[in-house]
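Here is a short note to read beside the structure. The points go from single residues to the whole protein.

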Amino acid sequence: MIMKKILITGANSYIGTSFERWVSRYPDRYSVDTIDLKDEKWREKSFNGYDVVFHVAGIAHVSTNPKLKDLYYKVNRDLAIETAKKAKEDGVKQFIFMSSIIVYGDSAHINKKRVIDKNTKPQPSNFYGDSKLQAEQRILALESESFKVVILRPPMIYGKGCKGNYPKLVKAALKLPIFPDIDNERSMLHIDNLCEFVRLIIDNEESGIFFPQNKEYVKTSEMVKVIAETHGKKIRLTKAFNPILKLLAYKVRLINKVFGNLVYEKSMSEYKTEYRVRNFRQSIEYTEN
């Protein structure tokens with residue numbers, strides 16, 4: 001097999017460093033470099049000789065502060081498009097862009113199911129989602145026979161060292177004696193499953209839009225319970241708070257964020273080679289140990 005030369009944009013990013021570590025087990029098949037786009041000098045570096053640019057640089061969904069709106073578009077849209085154009089001009093064969101399920105908007109209300117399928121049109125509900133969607137559209141327009149574009153729209157990614165909602169659930173699992181038992185479903189993706197998926201996408205020289213996710217949907221309370229069990233702690237799930245939470249959900253966005261419903265229809269995430277190297281319980285045990 002020919003050695004693939006990969007350039008990751010976004011030095012020290014969670015996904016970038018995880019992917020680099022993942023493919024380091026195949027030293028004769030992949031050579032990986034990283035570049036920091038915060039340093040303006042990146043524009044002077046030639047991408048010539050790289051087979052793949054894996055673009056993970058960007059601002060994560062950390063704030064809805066209107067003051068940050070321009071920065072989101074500057075980084076998540078403009079910088080991504082500029083990087084893709086440079087990759088194409090410098091002869092890179094494949095460009096992989098990390099987008100997000102967030103291009104479809106927020107999770108559904110605690111009382112409603114929300115299933116995204118092939119016919120669901122993206123409808124961002126904030127400038128984070130919109131900046132990602134605009135970048136996708138402009139990058140896809142650059143595609144040609146010699147320049148393949150891959151758009152990844154993963155759901156929530158979790159794993160050892162991740163940021164975002166997962167560490168908050170871990171805190172809850174370790175501190176609380178009881179936790180609300182709400183019947184919800186979330187699509188999620190363990191970092192190792194994502195890394196294996198990206199590796200296969202590179203091997204198979206793919207192009208198109210992809211929706212990788214774990215095999216199983218995740219119920220928030222079940223996730224908290226499994227995290228607690230992994231630490232040898234017992235947590236009791238209760239439906240006692242459900243009526244109050246369902247009422248509060250109309251006013252408190254955080255409740256829908258934690259207990260809302262948002263899934264990809266499962267067939268969207270199938271691939272010709274199995275990329276899900278960890279099932280749900282294994283992924284939690286591996287992350288927490």
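1. H55 sits in strand β3, which covers residues 52-55. Strands (E, at least two residues) and helices (H or I, at least four) are DSSP runs numbered from the N terminus. The model is predicted: local features need pLDDT of at least 70, side-chain atom pairs count only at pLDDT 80 or more, and totals for chains, interfaces and linings use all residues. Residues are numbered from 1 along each chain as its sequence is written, and side-chain values use heavy atoms, with hydrogens and water left out.

2. Is H55 buried or exposed? H55 counts as buried because its relative accessibility is 0%. Buried means under 20% relative accessible area, exposed means over 50%, and partly exposed lies in between (1.4 Å probe, protein chains only).

3. A polar atom of the H55 side chain lies 3.3 Å from the backbone oxygen of A57. Beyond its neighbours within four places in sequence, H55 is in contact (heavy atoms within 4.5 Å) with T9, L37, L79, A80, T83, F95, I96, F97 and M98.

4. N76 belongs to helix α2, residues 69-89. With a relative accessible area of 1%, N76 is buried.

5. Which polar groups does the side chain of N76 meet? One of its polar atoms lies 2.7 Å from the backbone nitrogen of I59. The side chains of N76 and S131 are joined by a polar contact of 3.4 Å. A polar contact is a pair of N or O atoms within 3.5 Å; within protein, one must be able to donate a hydrogen and the other to accept it, and residues adjacent in sequence count only if both atoms are side-chain atoms.

6. Leaving out residues up to four places away in sequence, N76 touches G58, I59, F97, Y128, S131, K132 and A135. F97 is also among the contacts of H55.

7. The protein as a whole has nine helices and twelve strands. Its C-alpha trace spans about 60 × 40 × 35 Å along the principal axes.

8. Of the 289 residues, 52% count as buried. Among contacts between residues at least 6 apart in sequence, 85% join residues at least 24 apart.
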